[in-house]
Amino acid sequence: MSTVIDSLERTQLRRVPRFQAGDRVKVHFQVIEGTRRRTQVFEGVVIKRQGEGVRETFTVRKQSFGVGVERTFPLHSPKIERIEVSARGDVRRAKLYYLRGRVGKRARVRERRYTGPEEIVERGLLYDPAAEVAAAADAEVPGDAVDAQALAEAPEVSEAAEAAQPEAPAEAAAAADETNE
């Protein structure tokens, strides 16, 4: 594919939490009714993710008054305000189409016991052009010269820090002696 198209698509990618099929998610998205704009929440089990990049979509299924309702969302859409992962599912498949034929307790997905620490995902674009320009402006000296400059500045910083706080190690040693007695 063209590098121009790739670069345009890369600027539209948004930060999203990690989730997969079987996870229970809450999708906060904008609904426009006439002149009013409001946020609606759709909570259910992710039954599939497909595509890649800007074209990636995910389908969420929920039971509403005894009827199964599925909705497909574009993952990087600006209409999606937030995606919250409320539970991690313990499944062995990428597509959970078998849930369509089940009702009630049989349509549940078992929850994973421990998934590790959750990551905090900030709202915004994955590749922010303004932040990249600012980072490029901060890099005054490229490559190995930065390391040499950092080594040259390191002793000056440590000597200034020692001059500013000469009593701090002595106070810490005195406090340690009091706790040992």
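Q: Is Phe 58 buried or exposed, and what do such words stand for?
A: Buried means under 20% relative accessible area, exposed means over 50%, and partly exposed lies in between, with a 1.4 Å probe and protein chains only. Phe 58 has a relative accessible area of 1%, so this residue is buried, and Phe 19, at 5%, is buried as well. Please keep in mind that this is a predicted model, in which local features need pLDDT of at least 70 and side-chain atom pairs count only at pLDDT 80 or more, while totals for chains, interfaces and linings use all residues. Residues are numbered from 1 along each chain as its sequence is written, and side-chain values use heavy atoms, with hydrogens and water left out.

Q: How are aromatic pairs described, and how many are there?
A: A pair of aromatic rings is described by the distance of the centres and the angle of the planes. Rings of Phe, Tyr and Trp (for Trp, its six-membered ring) pair if their centres lie within 6.5 Å, and planes under 30 degrees apart count as stacked, those over 60 as edge-to-face and the rest as tilted. By this rule there are four aromatic pairs. In one of them the ring centres of Phe 19 and Phe 58 are 5.1 Å apart with the planes at 75°, so the pair is edge-to-face. Because Phe 19 lies in the loop between helix H1 (3–11) and strand S1 (24–33), and Phe 58 in strand S3, this pair ties together parts that are 39 residues apart in sequence. The helices (H or I, at least four residues) and strands (E, at least two) are DSSP runs, numbered from the N terminus.

Q: Which residues make up the aromatic cluster?
A: One cluster is formed by Phe 19, Phe 29, Phe 42, Phe 58 and Phe 73. Over the face of Phe 19 lies Arg 49, at 4.5 Å from the ring centre; a charge sits over a ring if NZ of Lys or CZ of Arg is within 6 Å of the ring centre and within 35 degrees of the ring normal.

Q: How many bridges join S3 to the strands S2 and S4?
A: Two strands pair if DSSP finds at least two bridges between them. Strand S2 (residues 36–50) and strand S3 (residues 57–64) run antiparallel and are joined by five bridges, with Gln 50 having Thr 57 as its bridge partner in S3. Between S3 and strand S4 (residues 67–74), the antiparallel pairing extends over eight bridges, and here Val 60 stands opposite Arg 71 in S4. The hairpin of S3 and S4 has two residues between the strands, and Phe 65 in the turn takes a positive phi of about 55°.

Q: What counts as a salt bridge, and how many are found?
A: Side chains of opposite charge can pair when their charged atoms come close. A salt bridge is a side-chain nitrogen of Lys or Arg within 4 Å of a carboxyl oxygen of Asp or Glu, and by this rule the count is nine. One of them joins Arg 61 to Glu 70, with the closest N and O atoms 3.0 Å apart; Arg 61 is buried, at a relative accessible area of 13%, whereas Glu 70, at 32%, is partly exposed. Asp 23, Arg 88 and Arg 112 are linked in a network of salt bridges.
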